[in-house]
Amino acid sequence: MKGLTILGSTGSIGISTLDVVSRHPDQYQVVALTANRDVEGLLNQCERFQPKIAVMGDPHCADQLAKGLNQRGLAIEVLSGLRGLEIAAAMPQAHYVMAAIVGAAGLLPALAAVRAGKRLLLANKEALVVAGDLFMQEVKAHNALVLPIDSEHNAVFQCMPEDYQGNLMQSGVKRILLTASGGPFRETPVETLHDVTPDQACAHPNWEMGRKISVDSATMMNKGLEVIEAHWLFQAGADKIEVVLHPQSVIHSMVEYEDGSVLAQLGQPDMRTPIAHALAWPNRIQSGVESLDLFQIGRLDFEPPDPQRFPCLGLAYQAIQSGGTASAVLNAANEVAVDAFLNQRLGFTGIAEVVEETMQRQPVDQVKDLESLLEADRKARTMAEQVVQKRVSSCGIS
Ligand code: NAD
Ligand code: MG
C-alpha cells in the first residue's frame, strides 16, 4: 500500500488522479489532499477518501473547512497556507506526491516533496520553468524520483531508454519531438485573434483542463513552458527539442534515435494514462481510459508551428538561450497576463506582448539561490502588472 499526497486535488489533474486511485483501493491510500479556496470540493473529497490531513492554501478558507469536517463527523487535521502545503508534501506517510497546483505557487510545495526524497508525480510544469536547474539538483541531492505527468514528457519518458542518465548523446538520442495540438485557434485568421474571448480560448479541441493551462494551450505558451520543462527533465539542449503540430493529439510525443528510429507514445487524450503510468511505474495498472480506435481516427497530421500565430513559443526558446532568471520572468509575466485576459482586462494577443515587454524590461540575473528566483518572479509580476495597467489606461481593454 502506497500513501499518496495530492497537492491541488480539486483541480483537473487532482480529480483525474483520484479517479485512477479509486480504481485501486488496495494499492494506494490518500494521506493528504489540498486545495486553494474550493472548500466544498475539498470537503467532498475528504468525505470520500478520508485523508489524514487536509490543507487550504488560502488561510481564510481553513476555518470553513474545519467547520464542515466537524459537521460531517470527520476527524481530519486541517492545515493552511504554504507551511501546510509543505507539511502535506513531506509527511512520512506519503510515499508518492502528486504536484498538481497550477503556476509558480506550486514550486515550494513540490520542492518540499523533493527534499523529503519522495516519488514526485510532476504535473506542475511551472515549478521546473521557474527553477529547473536548482530543482533537478535538489532531486539528485535528496535521491528523489521525478516522474513526469505532463502528457508529452510522460510520453518522452516512456520512449527513452530505461536507464537514461541525462545524456542524450550517450543514449543515442538525436532529438525530442514534442507534439502540440495547436489549440482552438490553429486555423483562426490571425487578424481576428485580438477579439477572441476567454471562453473561446478555454474550449480546447481535445483536452479538458484548468483555465490557465487552456489559455496557455491557445497561445502555445504551454508548449513553450513544456520545451523548458523538457530541457531540464531530460537535460536536452533547446536545439534538440522540436515542436510538431499534430492536431489529433493521438501521438503524445516522440524520441528520435541516431539510427533513424522514431519511438512514439500514442493514446487517448486523457490525463489518466500518464497519471496511472507514473503511479504504477515500472508496472502498469488500469486507468479507466478507453482503447484507442485507430480506424476511427483514420489519419494523423503534422505541420510546423507558425511563429507569427504563436509568438509565445519563440519567447520560451529565447528564455532558455538567455538562461539565469529569464524563464522565471517569462513564467511570472505569463501568469499575470493570462489572469488579466481571463478577467477581461487584456486582449488575447496582448498576452504575448505583455510577456515580451516584461522580458525586455527586466534584466536577466544569475541564479544564486532559490531566493534570487523568487525575487525575479516577484519583480516580473509587478512589472507585468504595470505593463497591463499601462495598456488598459491607454485604450481600455488592450
Ligand atoms: P486547475 O486550475 O484545474 O487546478 C489547480 C489546483 O491547484 C486546484 O486544486 C487549486 O485549488 C490549486 N491551487 C491553485 N492555486 C493555488 C495556490 N496559490 N496555492 C495552493 N493551491 C492552489 O489546474 P490543472 O489543469 O489541474 O493543472 C494543474 C497543473 O498541472 C498545472 O501546472 C498544469 O500546467 C499542469 N498540467 C495540467 C494538465 C491538464 O490536463 N489539466 C495537463 C498537463 C499539465
Ligand atoms: Mg502537456
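**Two ligands in a predicted model**

Hi everyone! The shell around ligand 1 takes at least three residues from each of two domains, domain 1 (2-148) and domain 2 (156-297), with bounds that come from an automatic or database domain assignment. A word on the source: this is a predicted model, where local features need pLDDT of at least 70, side-chain atom pairs count only at pLDDT 80 or more, and totals for chains, interfaces and linings use all residues. Residues are numbered from 1 along each chain as its sequence is written, chains are lettered from A and ligands numbered from 1 in the order in which they are written, and side-chain values use heavy atoms, with hydrogens and water left out.

So, how many residues surround ligand 1? There are 22, and the closest are Thr10, Ser12, Asn36, Glu126 and Gly210; being near here means having a heavy atom within 4 Å.

Now for some polar contacts, which are pairs of N or O atoms within 3.5 Å. An oxygen of ligand 1 lies 2.7 Å from a side-chain N or O atom of glutamate 126.

Let's move on to the metal. Which residues coordinate the magnesium ion, ligand 2? They are Asp150 (OD), Glu152 (OE) and Glu226 (OE), at 2.1 to 2.2 Å. Donors are N, O and S atoms within 2.8 Å of the metal (3.2 Å for Na, K and Ca), and water is not among the atoms, so sites may look incomplete. Along the chain, the donors follow the spacing D-x1-E-x73-E.

Technical notes: A polar contact is a pair of N or O atoms within 3.5 Å; within protein, one must be able to donate a hydrogen and the other to accept it, and residues adjacent in sequence count only if both atoms are side-chain atoms.
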